[in-house]
Amino acid sequence: MVPSFLSLSFSSLGLRASGLILVLGFLKLIRLLLRRQMLAKAMDNFPGPPTHWLFGHALEIQETGSLDKVVSWAHQFPYAHPLWFGQFIGFLNIYEPDYAQAVYSRGDPKAPDVYDFFLQWIGRGLLVLEGPKWLQHRKLLTPGFHYDVLKPYVAVFTESTRIMLDKWEEKAREGKSFDIFCDVGHMALNTLMKCTFGRGDTGLGHSRDSSYYLAVSDLTLLMQQRLVSFQYHNDFIYWLTPHGRRFLRACQVAHDHTDQVIRERKAALQDEKVQKKIQNRRHLDFLDILLGAWDEDDIKLSDADLRAEVDTFMFEGHDTTTSGISWFLYCMALYPEHQHRCREEVREILGDQDSFQWDDLGKMTYLTMCIKESFRLYPPVPQVYRQLSKPVTFVDGRSLPAGSLISMHIYALHRNSAVWPDPEVFDPLRFSTENASKRHPFAFMPFSAGPRNCIGQQFAMSEMKVVTAMCLLRFEFSLDPSRLPIKMPQLVLCSKNGFHLHLKPLGPGSGK
Ligand code: HEM
Ligand SMILES: *[C@@H]1O[C@H](CO)[C@@H](O)[C@H](O)[C@H]1NC(C)=O
């Protein structure tokens, strides 16, 4: 027996292995070709821009200026057009409110071709879950964003912003423009760590927290790079590259941190004295809410579910607000008259208080309109994707079968001239109550819309208001014409050039 087994020489083993790989590769190719045919046939009724035989539209999409390229395609092809990422992945790219409503008022799952890249890090949390499990988690987590929970966060936003502004005061003294993006990112991540775990990298100065902070920044960057590098798309190949291994190492650091924080918090909850202290604390963090979440059937989140939700919040919650705040400050620098009006408004609201209170946020009407207008022109999440679970018929009678892929181009929707007259003009009055009430409910969707909209929307708006109001009180912002931002869609809308602004301190009595 043994000898006959040994007689199987290595070369014949190798031959069989390569034969198997070839067959598997062939089957995979057939599957891809069949899917390609299905996707292409489904979009037969939708004319679109010419495709490259190998790359589809991928080359145009990777170039700078790609977002505005899609806007010009949107002019050429009303409502929708096919958009191919290479040969095998074809989306129907849509940018019209009725089209958006037809798909996004339903809860179809996310397109795995895009969202599966997130799994290794954030796991199956709200962002990527689907079906009954998504609904269960969404119900469990919604109370975590109730305004009673959000109210005390105003103090957290204020504290993190002060640290950033003090740093800027130093930098501004040199009299040169500087890139604000990294500091905003640091501030937003610090805030989110405080709101999620109850502490940030500055508070207790845990070295573990700062390595977590570095890992999250690294993961965000690596994932953005992977998304635009087609050679990294296959998981198997990616994990073998140095880039992929760096990603896995950072994931490990992030997961270990999250697991440990969850473990410690659970242990602390066993202790009744600590429990009392938590109840009396000035604010609950997301972890308290997650650990206290039970559904009607008394089902608690498993440890894996908890980690996925925490990691999802950390990912979704910091990069998006960083982009939003950076583009907003750029808009303020670009339009000094609006900057001036916002500053006057927040000065009046602050009066002689030394910091903002929750109730102040509702009074910031002009600032809020400006934030919305900057979300319109520079949506932090420029594109979201779905895979249809059942067929859809659009208003003009054209339809798509189940299995089709949809790309909702929020950026192009927000510059659709049929909905937004003079779309390139920055005009906050578009968002006056009267004007906004006349608009299609799916015309403006920076937080997406429908059942799968952003659960953190109120949190994000409150943070945006506190941070930007404090920025405007402390500094006057102006452009550095030699270094204007260049739009670059990654996971969120970034600038290839950073955000270089001149900051002029406004002196004492300016809400310091
Ligand atoms: C300016 C800031 C923000 C913007 C523009 C934004 C935008 C979005 C968008 C467009 C989606 C839909 C994504 C998709 O369909 O793939 C989404 C989903 C989500 N966002 Fe946000 N977001 C922001 C801030 C936040 C914050 C601060 C948090 C948490 C603390 C958060 C948590 C989430 C979660 C968990 C989902 C998935 C919800 C679900 O599918 O049920 N977001 N966000
Ligand atoms: C509505 O928008 C138009 C154009 O932006 C503006 O001129 C008008 O004043 C706005 N109306 C209100 C009530 O704000």
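This is a predicted model: local features need pLDDT of at least 70, side-chain atom pairs count only at pLDDT 80 or more; totals for chains, interfaces and linings use all residues.

Visitor: How many residues line the second largest pocket, and which lie nearest its centre?

Guide: The lining consists of 23 residues, and those nearest the centre are K28, L32, I89, H233 and N234. By class, the lining of this pocket comprises 11 nonpolar, five polar and seven charged residues.

Visitor: Which helices supply at least two residues of that lining?

Guide: They are α2 (10-42), α6 (112-115) and α13 (235-240). The largest share, four residues, comes from α2.

Visitor: Let us turn to the ligand. How many residues surround ligand 1, and which are the closest?

Guide: Ligand 1 is surrounded by 27 residues, with Y115, W134, R138, E316 and C454 the closest. This shell divides into 16 nonpolar, six polar and five charged residues.

Visitor: What distances separate polar side-chain atoms from oxygen atoms of ligand 1?

Guide: For Y115, a polar side-chain atom is 2.5 Å from a ligand oxygen atom. For R138 the corresponding distance is 2.7 Å, and a side-chain N or O atom of R386 is 3.1 Å from an oxygen atom of ligand 1.

Visitor: Which elements give two or more residues to the shell around ligand 1?

Guide: These are α8 (131-141), α17 (303-334), β4 (383-387) and α23 (457-474). With five residues, α17 gives the most to this shell.

Methods
Residues are numbered from 1 along each chain as its sequence is written. Chains are lettered from A and ligands numbered from 1 in the order in which they are written. Side-chain values use heavy atoms; hydrogens and water are left out. A residue is near a molecule or strand if one of its heavy atoms lies within 4 Å of it. A polar contact is a pair of N or O atoms within 3.5 Å; within protein, one must be able to donate a hydrogen and the other to accept it, and residues adjacent in sequence count only if both atoms are side-chain atoms. Ala, Val, Leu, Ile, Met, Phe, Trp, Tyr, Cys and Pro count as nonpolar, Asp, Glu, Lys and Arg as charged, and the others, Gly among them, as polar. On a 1 Å grid over the protein atoms alone, a cavity is a set of points where a 1.4 Å probe fits but cannot get out, and a pocket is an open set with protein on both sides within 12 Å along at least five of seven lines; lining residues have an atom within 4 Å of a point.
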